[in-house]
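Visitor: I'm new to this structure, and I'd like to learn how to read it. Could you walk me through a few features?

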Amino acid sequence: MSQNPLGVAPSSFVDALSAELESLRDRDLERHLRPVTGRRGAVLQTDRGPLIDFASNDYLGLACDPRLMGDAAIGASRVGTGAAASRLIAGDTAEHEKLDHALAEFFGAEAALSFSSGYSANVGIIPALVGRNDVIFSDELNHASLIDGARLSRATVHVYPHRDAAALARLVESERTKHGRALIVTDGMFSMDGDLAPLGAIIPLVRRHDVWTYVDDAHGVGVNGNHGRGTVEALGFEGQVDITIGTLGKAFGAAGAFVTGSRVLRDFLINRARSFIFSTAPMPAQVAAARGALAVVKNEPELRLRLRENCRYLRIALATHGIHASGDAESHIIPIVIGNAATTVAIGASLVEQGFLVGAVRPPTVAAGTSRLRVTVSAAHTHTQIDQLVNVLAALLEFANERSSR
Ligand SMILES: *Cc1c(COP(=O)(O)O)cnc(C)c1O
């Protein structure tokens, strides 16, 4: 970019951005914000009327649980609204320490360290662990924050085809020895298809080749596994993953994120993760809500059972109407691939008109030609709400099919 304060017309800045937005609009890729004015269970109040929410990641229905709202208020009243400094300066309150201890205890880990968000955890932790002389092996469908963390680290990045353990093994065998440290980075449960990392193949591989494992289980923690300890529990590899990340903003209904692992890892990250060091500590209110959510997830396994039963119910209803859902058969993320971005957006808009909010996911979030409806299930949904969604969806998909075959 040329920087000429005298020669550049003031409008060139706005023009450049407008042109880019217009190009997005032309390709049906422009996005808009949709403010929610209230939430009760799975029902959102919006300026377009009430919408039944099949788009959020509030898997256990905790995002507006009155108990956690109370915890947030108590957290704020004890130590204020703002932490007022990073944790290393003066922002480390008793609330933060209690949350870290509760996280370590819940996940059966030696230690845990909380962050402001999953995004900030990944862009801070990955560059703390690996650098210029090191190598990262990364699943091609990893979350954007993992991709950004890998870029920031300056390590060599090898992307392997989605969940392809054989391709990963070949890459590790040919590339590992050219570098110092090596890290396999993967989502635990993938956000767009709800499928799981192939840990059964990854764990033996990392043992043979001295590679570290980094599993970001944002969509799995609180939900997967018999105790809600996530995908690593569900697949039977607890204690064998070096770094596990979870968010507190999805199933836990609060905000923030955390890493679990060894005590040394925690001490190291306090000293080395830049997004931890150079950022104000999370609000005490969010920290207190997150700790309340951990207790609920621990003490109320029936929430997970209700979620699983809702997932089963929705998949059966879809199948009964001849709607193909891809992805993992058990998961609470249910993708319905439409293909074309414009059609996907149109169906999403029609769903809103009929009172349902469903994610219409387009590039760059997913690959071109795989635009999809991403239906997320919550323990807060009723069977009636699920039936209503599927009936409306069946009619819309039939209409779209008729139009495309004419
Ligand atoms: C949602 C998500 C994040 C971001 O977490 P936030 O707490 O919302 O910032 C990170 N990684 C994965 C895999 C996610 O799905």
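Here is a short tour, one feature at a time.

Guide: This is a predicted model, so to speak: local features need pLDDT of at least 70, side-chain atom pairs count only at pLDDT 80 or more, and totals for chains, interfaces and linings use all residues. Residues are numbered from 1 along each chain as its sequence is written, and side-chain values use heavy atoms, with hydrogens and water left out.

Visitor: Into which domains is the chain divided?

Guide: Domain bounds come from an automatic or database domain assignment. Here, domain 1 covers 28-57 + 301-404, and domain 2 covers 66-299. Their C-alpha centres lie 27 Å apart. The contact (heavy atoms within 4.5 Å) takes 18 residues from domain 1 and 22 residues from domain 2.

Visitor: How many bridges join β3 to β12?

Guide: There are 3 bridges between β3 (residues 49-54) and β12 (residues 356-361), and these strands run parallel. To find the spot, look at Phe54, which stands opposite Val358 in β12.

Visitor: Which residues of helix α10 are buried?

Guide: Buried means under 20% relative accessible area, exposed over 50%, and partly exposed in between (1.4 Å probe, protein chains only). In α10 (residues 263-272), the buried ones are Leu265, Arg266, Leu269 and Ile270. They cover an arc of only 135° around the axis, so they sit on the same side of α10. That arc is the one made by the directions from the helix axis to the C-beta atoms. On the other side of α10, you'll find Val264, Asn271 and Arg272 exposed.

Visitor: How many disulfides does the structure hold?

Guide: A disulfide is a pair of cysteine sulfur atoms within 2.5 Å, and the structure holds 0 of them. For Cys64, the nearest cysteine sulfur is that of Cys311, 19 Å away. Cys64 is buried, with a relative accessible area of 17%. Cys311 is buried too, at 4%.

Visitor: Where is Arg154, and is it buried or exposed?

Guide: Look in the loop between α6 (144-153) and β6 (156-160) for Arg154. With 55% relative accessibility, Arg154 counts as exposed. Phi of Arg154 is near 70°, a positive value in a residue other than glycine. Asp210 has a positive phi as well, of about 50°, and is not a glycine either. Asp210 lies in the loop between α8 (199-209) and β8 (212-216).

Visitor: Which residues does a cis peptide bond join?

Guide: That bond joins Pro363 and Pro364, with omega about 10°. You can find Pro364 in the loop between β12 and β13.

Terms used: Pairing = 2+ DSSP bridges. Helix = DSSP H or I, 4+ residues; strand = E, 2+ residues; numbered from the N terminus.
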